[in-house]
Amino acid sequence: MKAAPFDHVRPTSVAEAIALLAREPGARVLAGGQSLGPMLNLRLAQPRLLVQVNRLPELAGADSDAEAVTIGACVTHAAIADGRAADVGNNVLAEVADGIAYRAIRNRGTIGGSLCHADPAADWVTVLMALDAVVVLHGQQGERRLRVADFIQAAFRTALLPGEILQAVRLPRLTAGARWGFEKACRKPGDFAHAMAAVLLHGGVRRVVIGALGNRPLLLEGDAASLDGAQHALQAMPELTPVQRHMQMAVLHRALAKAAT
Ligand SMILES: Cc1cc2nc3c(=O)[nH]c(=O)nc-3n(C[C@H](O)[C@H](O)[C@H](O)COP(=O)(O)OP(=O)(O)OC[C@H]3O[C@@H](n4cnc5c(N)ncnc54)[C@H](O)[C@@H]3O)c2cc1C
């Protein structure tokens, strides 16, 4: 199938992109097009206007200070995998990015596009929740900041308001003794995962996120961030089959073991 007809513009600034989105309610942001492209071709999305943002310098950079790393929404998975963006420590982001899909998709797919698409099986959705990242959003009303855990509301649903653009993701740096584990299970390399777990232990923080659940990831913090806590929480999800629960627990075991080494 082919996409329904649409107009296409390349604004030269975020302000211009926001103005275009405000003027045309049938407009949609286009970043790497790795998810929106297939949706257009299947006519699951039929925007009147595509506002292409992935070449905007304001969205393409990465920055860091002593406390956090800020990654522009249009930084690609490949740039992160290749170490062309600052990392939070221990190569955590580069390793995650390197495991996303195939190189061709990593070359175009962006961290911001992945979050805004909010596929429950997307790697960044789970990982950025575990790292307690914050999204920086820009719209006609100005800037808003939200924890990724609040931004991702359900499968393919975010807190992005009409006309808003995701500008950047801000991630706290890992402390020296931080322990991290990320594991996923895929039918074959490059496929979306059918089980996923991220674990972060640092200072007094204990956080476990279980992804690829079919809905938003499950965030467990403090005492609940344990094998028992996860078992209990997965048991309380009637939509999961016993095999899915088993797969998730096996992947979580591996992520916890990785964090312990
Ligand atoms: C075959 C295949 C396999 C894949 N495998 C994986 C995988 O294993 N793991 C994984 O995590 N991902 C996977 N992906 C997804 C891919 O990694 C991209 O991250 C994802 O497609 C979205 O990024 P994008 O930049 O292409 O966004 P686009 O497709 O351009 O946009 C996606 C959505 O986000 C919106 N959007 C994009 N950027 C912004 C912004 N800055 N502000 C507001 N809204 C915005 C768009 O309007 C659209 O609704 C796969 C994709 C394909 C096609």
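Which helices and strands each supply at least two residues of the lining of the second largest pocket? They are α5 (92–98), β11 (179–185) and α11 (242–260). Helices (H or I, at least four residues) and strands (E, at least two) are DSSP runs, numbered from the N terminus.

## Basis

This is a predicted model, in which local features need pLDDT of at least 70, side-chain atom pairs count only at pLDDT 80 or more, and totals for chains, interfaces and linings use all residues. Residues are numbered from 1 along each chain as its sequence is written, and side-chain values use heavy atoms, leaving out hydrogens and water.

## The second largest pocket

β11 gives the largest share of this lining, six residues. By class, the lining has six nonpolar, four polar and six charged residues. Ala, Val, Leu, Ile, Met, Phe, Trp, Tyr, Cys and Pro count as nonpolar, Asp, Glu, Lys and Arg as charged, and the others, Gly among them, as polar.

## The ligand shell

## Atoms close to the ligand

A polar side-chain atom of Asp-123 lies 2.8 Å from a ligand nitrogen atom.

Definitions and conventions. A polar contact is a pair of N or O atoms within 3.5 Å; within protein, one must be able to donate a hydrogen and the other to accept it, and residues adjacent in sequence count only if both atoms are side-chain atoms.
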